[in-house]
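Have the model open as you read.

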Amino acid sequence: MNKNPSNTMALAPNTSNKRETVCIFGTGDFGRALGHKMIQCGYSVVYGSRSTQISNLIPKDAEVLSHAEAAQKAAVIIIAIQRQHYNFLVPLAEVLHGKVLVDISNNLKLNQYPESNAEYLAQLLPGSKVVKAFNTVSAWALQSGTLDASRQVFVCGDDAEAKQMVMNIVRALGLTPLDKGSLLAAQEVENYPLQLFPMWKFPIFLSLGLAVFFFFYCLALDVIYTYIYEKNNFSFFIAITIPNKVCPVMALILLALVYLPGIFAAIIQLYRGTKYSRFPDWLDKWMLCRKQLGLIALAFASLHVVFTLITPMRAFESWSTSNRIISQALNNITEPLNNTDAWLSDSYLALGILGFFFFVLLGITSLPSVSNNVNWREFRFVQSKLGYLALILCTAHTMVYGGKWFLSPSAYKWYLPDIYMLSLVIPCAVLVVKIVLILPCVDKPLTQIRQGWERNPKRSE
Amino acid sequence: MNKNPSNTMALAPNTSNKRETVCIFGTGDFGRALGHKMIQCGYSVVYGSRSTQISNLIPKDAEVLSHAEAAQKAAVIIIAIQRQHYNFLVPLAEVLHGKVLVDISNNLKLNQYPESNAEYLAQLLPGSKVVKAFNTVSAWALQSGTLDASRQVFVCGDDAEAKQMVMNIVRALGLTPLDKGSLLAAQEVENYPLQLFPMWKFPIFLSLGLAVFFFFYCLALDVIYTYIYEKNNFSFFIAITIPNKVCPVMALILLALVYLPGIFAAIIQLYRGTKYSRFPDWLDKWMLCRKQLGLIALAFASLHVVFTLITPMRAFESWSTSNRIISQALNNITEPLNNTDAWLSDSYLALGILGFFFFVLLGITSLPSVSNNVNWREFRFVQSKLGYLALILCTAHTMVYGGKWFLSPSAYKWYLPDIYMLSLVIPCAVLVVKIVLILPCVDKPLTQIRQGWERNPKRSE
Amino acid sequence: MNKNPSNTMALAPNTSNKRETVCIFGTGDFGRALGHKMIQCGYSVVYGSRSTQISNLIPKDAEVLSHAEAAQKAAVIIIAIQRQHYNFLVPLAEVLHGKVLVDISNNLKLNQYPESNAEYLAQLLPGSKVVKAFNTVSAWALQSGTLDASRQVFVCGDDAEAKQMVMNIVRALGLTPLDKGSLLAAQEVENYPLQLFPMWKFPIFLSLGLAVFFFFYCLALDVIYTYIYEKNNFSFFIAITIPNKVCPVMALILLALVYLPGIFAAIIQLYRGTKYSRFPDWLDKWMLCRKQLGLIALAFASLHVVFTLITPMRAFESWSTSNRIISQALNNITEPLNNTDAWLSDSYLALGILGFFFFVLLGITSLPSVSNNVNWREFRFVQSKLGYLALILCTAHTMVYGGKWFLSPSAYKWYLPDIYMLSLVIPCAVLVVKIVLILPCVDKPLTQIRQGWERNPKRSE
């Protein structure tokens with residue numbers, strides 16, 4: 001196939017289409033990756049470097065000049081060098097005057113320096129317009145084109161026009177700029193890529209702490225007690241039996257903890273008679289990590305489901321089934337079906353399945369792409385109505401599981417209750433108070449307080 | 001650490017960076033939340049209020065003035081007051097002349113007023129440029145910074161420039177503006193946050209109706225019939241056995257209903273010989289809710305899987321296993337393995353697992369973020385090819401499950417077929433017609449009709 | 001309710017709000033769908049057509065004129081006709097001079113023509129400004145409003161202003177324009193909708209190949225060997241038993257293959273003493289398809305979980321359980337619980353469950369909408385730390401599963417090892433080398449090379 005005509009056609013427009021020239025100081029990893037990407041997107045790239053004939057890794061369409069020469073060729077200069085070398089830029093202050101300097105640096109620790117790198121740069125070169133950008137993008141992702149992590153590029157800076165120029169470059173590279181305001185935000189922007197799930201820390205530590213406590217509680221009652229008083233070595237319970245008691249307990253407690261702050265908030269609002277006063281700090285923080293608590297609860301619930309389903313595969317289970325059947329067979333007993341047992345067992349399982357089903361629905365709805373496609377009312381419907389439904393079903397599941405044992409003394413080893421009883425305390429409290437709150441006599445004033453534009457004497461209009 | 005230098009540096013740019021001033025009328029919940037957020041993003045905010053010394057909840061960097069004074073300070077005025085108080089704005093008409101008024105109000109019911117709030121506002125103040133925006137954002141989400149639900153802000157208005165100004169503010173707050181056109185769209189925009197899954201209503205009611213029907217059908221055959229003729233009380237079947245018969249039946253029927261409209265469309269196109277005529281309305285609507293039908297089918301299928309897997313945990317199951325084994329043991333019988341049974345049971349399970357696997361794949365692909373990352377061809381490949389594969393596997397699963405019972409008279413209590421037989425009707429019909437449609441002699445004209453640019457005599461060019 | 005006032009109000013602004021006029025050449029499927037959508041969004045649409053009185057499917061608010069007349073009415077002309085008819089545009093060259101022509105065409109095959117359709121159009125009409133756009137959008141999706149697949153519209157063209165005009169239209173229609181650069185990119189843009197999971201091809205073929213190999217390996221050892229030497233017909237193993245051996249083996253091997261390239265990369269970097277040289281091509285490609293390999297591994301792991309959980313429902317299982325218990329009962333044997341067996345069985349199951357749990361977490365994090373909400377450090381933490389944890393747990397699961405059989409000669413039919421032993425080779429190799437790599441004496445130089453800005457003599461600044 002003769003490809004010439006198309007290529008000839010195509011080459012001419014390409015050169016005419018060239019975007020503006022961008023200068024990059026520094027030929028390190030990120031400088032090169034960014035240069036490559038920019039050339040791909042139609043920019044002319046000129047590198048500023050100490051030695052003008054370096055590595056063959058520099059994109060071959062890019063020019064390499066001295067810093068001063070390179071800076072003169074472009075209005076936007078990307079500073080792809082490390083903070084400790086910024087002071088070498090001071091002699092270039094004159095040539096950089098009025099230019100847009102893009103600070104892309106990151107630090108190794110949160111708040112490593114008193115001021116952010118971008119502010120430090122602006123301090124060194126007061127005549128230039130410093131814009132912070134690109135620090136959240138990885139060189140590897142730029143190069144490979146697989147931007148698996150975020151495409152968002154936080155941009156901040158004091159000069160609106162300079163910021164606009166940088167945001168246009170960001171867009172041209174197929175990324176999404178997000179204006180974070182003035183250079184004051186640079187500290188936050190520089191800290192962002194160093195964060196490790198800050199919203200998850202408290203929920204994870206809380207649930208790990210609780211899980212460890214319940215694990216040892218069960219260990220004492222199920223393994224140590226049995227070993228001491230019944231001479232049975234059930235140490236292998238550590239692998240499945242105890243985790244499968246801890247997981248559902250954790251799931252239920254954490255799910256209840258998701259709805260507890262809402263209950264507190266309602267009580268506080270009722271007590272104060274207004275919604276226009278701030279909640280205590282701990283309540284605000286708690287409310288902000290409800291999603292995380294709920295997802296951890298879902299993780300525990302999922303583990304509980306798999307641990308339960310795996311039961312028939314256990315050697316212990318097959319041994320105890322055999323023994324039960326054989327002893328019945330040897331005694332010539334065939335029991336009639338106990339209808340109460342069948343009802344209890346089936347309804348306990350069915351409640352658990354339905355509770356888990358709605359729980360998973362909640363989890364799916366909290367996926368960012370799904371929650372972006374629902375409106376606020378739909379989101380609240382799912383998270384509140386379906387969430388309470390899941391809580392009710394799971395609490396009922398646990399109660400029916402307990403069934404007839406509640407009052408049997410043998411269930412209280414060392415006078416301690418089994419953990420499933422402990423797990424019921426918070427959910428039952430939440431549900432009881434919630435029922436009180438939706439009684440018409442309580443709900444009406446609460447709704448008025450929440451809609452309460454008119455009743456607040458401090459409100460204007 | 002001496003933080004002074006950086007702070008001194010930073011404060012100066014910050015003030016120079018101030019964006020324009022925005023005025024907010026109304027110091028209610030949403031007005032305050034929006035003001036807070038705007039100040040964070042660099043705007044100067046001035047509140048217009050009747051009393052100028054109100055609550056300490058007003059952001060402390062904001063000014064509070066009288067309405068007229070406040071309005072004079074800004075080009076954009078956000079009307080954070082309720083519709084019923086709009087008429088107090090009329091005396092301010094002069095000072096509001098030429099200003100951009102942002103209507104952020106919502107109603108309590110769909111189509112509560114004959115005209116939308118924004119249109120009503122535009123009617124009251126014909127000299128101002130009214131833009132509808134922000135009504136889909138919740139005050140709580142703005143304040144907490146956790147925009148779990150949508151970041152999309154619908155913007156509509158008659159003045160393009162005014163709309164642009166509002167969209168810039170939306171972007172500056174980290175939200176995504178979506179231009180919905182003229183103020184005519186305000187009614188729709190105001191209805192949006194009041195909607196509760198409008199696309200899901202029909203599929204959910206349809207499936208609930210069918211599920212209830214099948215539930216009582218099974219109740220009659222499995223519980224009542226058994227009770228009357230065999231004197232067995234199997235009432236506990238209500239909890240698990242019957243749901244686990246209804247769920248797979250629902251899943252299979254709904255999955256078939258996803259592909260049925262495509263079959264109808266093909267037949268209509270073949271019959272009419274053109275694709276350029278509209279489908280009947282019911283078919284259009286049906287085609288638009290296929291995704292919802294499919295996801296509900298997936299939910300039923302998932303429930304069926306969990307209900308099935310939970311079987312060995314049931315008291316009934318363990319009782320019947322014991323009884324079977326004990327009676328064999330007492331009669332000294334050890335059966336040889338029936339190879340046909342082993343084949344039937346294993347292939348029925350394997351077909352079900354594979355069918356469910358492809359079904360889940362379909363579900364994952366319909367997540368918005370996944371479907372956004374595939375092109376149209378890939379989407380169609382998954383939804384059509386893999387979808388039919390899932391349908392075939394699930395239909396085969398049901399058929400093999402039926403296995404040898406199809407023709408046994410004991411399967412027909414009260415002369416009624418079991419529901420798994422009923423469930424096969426639609427899927428089999430869909431598959432048979434689909435096979436006919438992909439026969440070359442039928443497929444060729446159909447493909448021509450669908451690509452059919454050339455053959456349509458009414459087409460130009 | 002009197003709706004007049006609002007309607008009167010609304011109609012006036014609407015007309016004043018009209019966006020510019022857009023011309024569409026061609027009244028085919030896509031031309032009509034696009035016209036409908038544009039009119040909805042406030043554009044005036046005029047169709048250029050040979051016959052001016054065609055189908056009633058044309059949106060009724062649109063005008064239909066001759067091509068020349070229509071073209072004169074608008075600055076932007078959408079060419080909704082097929083490439084083979086482009087030459088009829090040549091006589092219109094004069095009237096199209098300076099106009100923006102939007103090429104929306106697609107081909108039927110990858111690289112069907114030597115030059116892209118848009119370049120061909122630009123060649124035919126050198127005086128017009130050709131922009132490629134909208135080819136990734138389906139007519140059906142435009143019409144129905146359910147843009148399930150991507151909302152991204154790739155735009156490319158040589159004239160920046162023309163491109164901007166088209167991108168504004170794209171945005172107005174509620175779609176997301178993505179600037180792909182000059183018209184040179186048109187070939188790529190036209191190929192995009194024809195692609196079918198290009199990144200998935202190699203991983204899928206690799207895993208299918210491996211799976212088929214392991215399937216026949218198992219068939220030979222488990223079915224054919226047993227048939228020949230033990231005269232047992234276990235042909236039904238094909239349905240569940242063998243798939244459930246192949247799936248976990250595939251999952252483990254593919255998961256290890258996800259982490260193997262990282263190991264290679266580290267060794268290459270250590271050997272070369274620099275990170276600034278390119279990896280071999282095969283390694284680059286391998287690294288780019290790690291996500292796909294991991295997801296396929298997850299699919300196999302999920303199948304393994306369901307196949308395992310379904311075990312108690314199998315006729316074979318219930319037969320062998322009965323036989324075991326009956327033979328014990330007939331011999332009056334009640335075995336004591338073997339504590340080692342209980343430990344092995346429980347810890348093997350627990351390891352598998354935890355490994356699968358972390359594996360699913362990895363899968364969820366790789367959903368585009370989730371990975372967009374984490375920063376680079378968090379993404380790496382999940383994909384690397386949690387990924388290795390999953391690999392360790394799954395490898396341990398397989399090892400403990402093997403348990404006591406490793407050294408038993410009966411496990412080696414035809415002197416061949418069981419496939420779970422084969423599956424351990426790569427994961428164990430990866431883990432051993434990884435442990436070596438994180439030894440301080442190896443990790444320190446490697447970390448220095450990776451941070452290695454300072455030590456590289458070729459770097460400037």
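C:Phe234 has a relative accessibility of 17%, so this residue counts as buried (under 20% relative accessible area, with exposed being over 50% and partly exposed in between, using a 1.4 Å probe and protein chains only). We're looking at a predicted model, where local features need pLDDT of at least 70, side-chain atom pairs count only at pLDDT 80 or more, and totals for chains, interfaces and linings use all residues. Residues are numbered from 1 along each chain as its sequence is written, chains are lettered from A and ligands numbered from 1 in the order written, and side-chain values use heavy atoms, leaving out hydrogens and water.

C:Phe234 has two aromatic partners worth a look, C:Phe236 and C:Phe316. Rings of Phe, Tyr and Trp (its six-membered ring) pair if their centres lie within 6.5 Å; planes under 30 degrees apart are stacked, over 60 edge-to-face, the rest tilted.

| Pair | Centre to centre | Plane angle | Type |
|---|---|---|---|
| C:Phe234 and C:Phe236 | 5.9 Å | 75° | edge-to-face |
| C:Phe234 and C:Phe316 | 5.8 Å | 65° | edge-to-face |

Both partners count as buried: C:Phe236 at 0% and C:Phe316 at 15% relative accessibility. Over in chain A, A:Phe234, A:Phe236, A:Phe237, A:Phe316 and A:Trp319 make up one aromatic cluster.

B:Arg83 puts its charged end over the ring of B:Tyr113, 3.6 Å from the centre, while C:Arg83 lies over the face of C:Tyr120 at 4.3 Å from the ring centre. The rule here is NZ of Lys or CZ of Arg within 6 Å of the ring centre and within 35 degrees of the ring normal.
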